[in-house]
Amino acid sequence: MDYKYIEQLLERYWLCETSLEEEQILRAFFAQSEIPANLMQYQSLFSYQMEQPKQEFLDEDFDQRVLEAIHVPVVKAQPLTLVSRFSGLMRAAAAVAVICLLSGAAQQLFSTSGNVASYKSAVGSADPQIAASQSATSNKQISRVAIADSVRASTTE
Amino acid sequence: MSIEMQEKAFRNVILPLKDKLFRVALRITLDRAEAEDVVQDTMIRLWNMRDEWSEIESIEALCTTICKNLAIDRSQKKEAQNVELTPERVENFETSSPHDRMVTHENFEIVQQLIRELPEKQRLVLQLRDIEGESYKEIANELGQTEEQVKINLFRARQRIKQRFADIENYGL
C-alpha cells in the first residue's frame, strides 16, 4: 500500500498547512491497526487526539450541581406536602402559642401570690375558736327548730 | 425572553459546552477538581449574564474566554505551590487487554507529558485545534488573539512535539 499521501499530509500537518478535514483523515488513518513502521511513532499522538475527549468529560452530577447553583428548579424536585407548605406558618403559630402560655403562666403566678396574701389577712387573723362556737350555736338553733316542728306535727294529729 | 426560555437555552446551548470547557480548563489547571470548579463558575457567570445573551455574537467563544481566564486566575494562585506535575489524572484508559492497556497508557502518558511541557498559549491552541477540532478563526475569537498569532502558536507547538518525537525515536529521551 502506498503511504505517500499520508506522509505528505503529515509533513503539511507539522507546518500547519492542513485543513480540519485533512487532520481528521490523519486521525482516522492512525486509528487503524495496520500502520507502517516508519509512521508508527506518531500513532500515539493522533490516537490521543481522538481519545482525549472520551477520557476527559463531566458527568450528569455536574449538570445537577450547576442547575442547583443557578436556582433553576431541578426536575426531580419533591412535591410540597401540606405539612411542609404550612411549616412556616406552623412555626409562627407555635411561637405565638409559647408566648401566650408563658405570659399566662406568669400572670397566674403573680395573681396567686396576691390571693394567698389576701387569704392570709382574712382567715389568718380570725380566731378559730370563734368560728367553732358560731357553728355550734347555729347547729343548736337548727336542732331546736326541728324539735319544735316535730312537736307541732304530733299535736295536730 | 421569559425565565423558562432562558433556562431552556441554558440547558441546550451552554450546558453542553461543559466537556470542551472542562478540557480547556484542565490544560491550564492540570487538576481535575480545579478544572471542574472553573467550568461551574463559568456556567454560573453565563447564567448571570442571561439578559445580555441576545447581544453576544458567539456564546461558545465567550464561554471559552471566560473559562480560560478563570482557569488562569486559579492556576496563578496555585503556581506558588508548584503543583505542575500530577500524573494521577491519566488513569482510566480502557482498551482490550491488560498489555494493550499498559502500552496505550504509557504512550498517552508521553503525549500528555509533551503537551504539558508546552507554554500555556501553545498548549491551549493545540488543544482547541487538534482535540476540539476548531478553525483558526474560532480559536482566535476565543483566545483573544489574531488568526496569525494562533497559527504561529500552533506551528511552534507542533514543531516542538515533532522534535520531541524525534528525540524519543533517536535517543529514547
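**Entry 1: a salt bridge within chain B**

I take a salt bridge to be a side-chain nitrogen of Lys or Arg within 4 Å of a carboxyl oxygen of Asp or Glu. With that in hand I looked up B:Asp41 and B:Arg74 in this predicted model, and I found that they form a salt bridge whose closest N and O atoms are 3.4 Å apart. The pair links distant parts of the chain, since B:Asp41 sits in helix α3 of chain B and B:Arg74 in helix α4 of chain B, 33 residues apart. I then checked accessibility: B:Asp41 is partly exposed at a relative accessible area of 31%, and B:Arg74 also counts as partly exposed, at 24%.

Next I looked at B:Ser75, which lies in helix α4 of chain B. I note B:Ser75 as buried, because its relative accessible area is 12% and the cut-off for buried is under 20%. Apart from neighbours within four places in sequence, B:Ser75 is in contact with B:Ile28 and B:Thr29.

**Entry 2: salt bridges between the chains**

The side chains of B:Lys18 and A:Asp63 meet in a salt bridge at 2.8 Å, N to O. This pair crosses between chains, from helix α2 (residues 18–29) of chain B to helix α5 of chain A, and I find both B:Lys18 and A:Asp63 buried.

For B:Glu36 and A:Arg65 I read a salt bridge with the closest N and O atoms 2.2 Å apart. The pair joins two chains, because B:Glu36 lies in helix α3 (residues 32–48) of chain B and A:Arg65 in helix α5 of chain A. B:Glu36 counts as partly exposed at 23% relative accessibility, and A:Arg65 is partly exposed with a relative accessible area of 35%.

I also looked up A:Glu23 and B:Arg158, whose side chains meet in a salt bridge at 3.2 Å, N to O. Salt bridges that share partners join A:Glu23, B:Arg129, B:Asp130 and B:Arg158 into one network.

**Entry 3: the interface as a whole**

I find 36 residues of chain A in contact with 42 residues of chain B, and the two chains bury about 3,700 Å² between them, 60% of it on carbon and sulfur atoms. Across this interface I count 20 residue pairs in polar contact, both residues being at pLDDT 80 or more. On the side of chain A that touches chain B, α1 (4–14), α2 (20–30), α4 (43–55) and α5 (60–69) each supply at least two residues, and the largest share, 9 residues, comes from α4(A). By class, I note 19 nonpolar, 8 polar and 9 charged residues on that side.

The largest nonpolar core has 63 residues, among which B:Phe10, B:Met43 and B:Ile161 touch the most other members. Helix α4 (residues 59–79) of chain B gives the largest share of this core, 7 residues.

Lastly I checked chain A by itself, and I find 7 helices and 0 strands. Buried residues make up 22% of its 157 residues, and residues 24 or more positions apart account for 35% of the contacts in chain A with a separation of 6 or more.

Technical notes:
Residues are numbered from 1 along each chain as its sequence is written. Chains are lettered from A and ligands numbered from 1 in the order in which they are written. This is a predicted model: local features need pLDDT of at least 70, side-chain atom pairs count only at pLDDT 80 or more; totals for chains, interfaces and linings use all residues. Side-chain values use heavy atoms; hydrogens and water are left out. A nonpolar core is a set of buried Ala, Val, Leu, Ile, Met, Phe, Trp, Tyr and Cys residues joined through side-chain atoms within 4.5 Å. Buried means under 20% relative accessible area, exposed over 50%, partly exposed in between (1.4 Å probe, protein chains only). Helices (H or I, at least four residues) and strands (E, at least two) are DSSP runs, numbered from the N terminus. Contact means heavy atoms within 4.5 Å. Buried area is the accessible area (1.4 Å probe) that two parts lose on being put together, summed over both. A polar contact is a pair of N or O atoms within 3.5 Å; within protein, one must be able to donate a hydrogen and the other to accept it, and residues adjacent in sequence count only if both atoms are side-chain atoms. Ala, Val, Leu, Ile, Met, Phe, Trp, Tyr, Cys and Pro count as nonpolar, Asp, Glu, Lys and Arg as charged, and the others, Gly among them, as polar.
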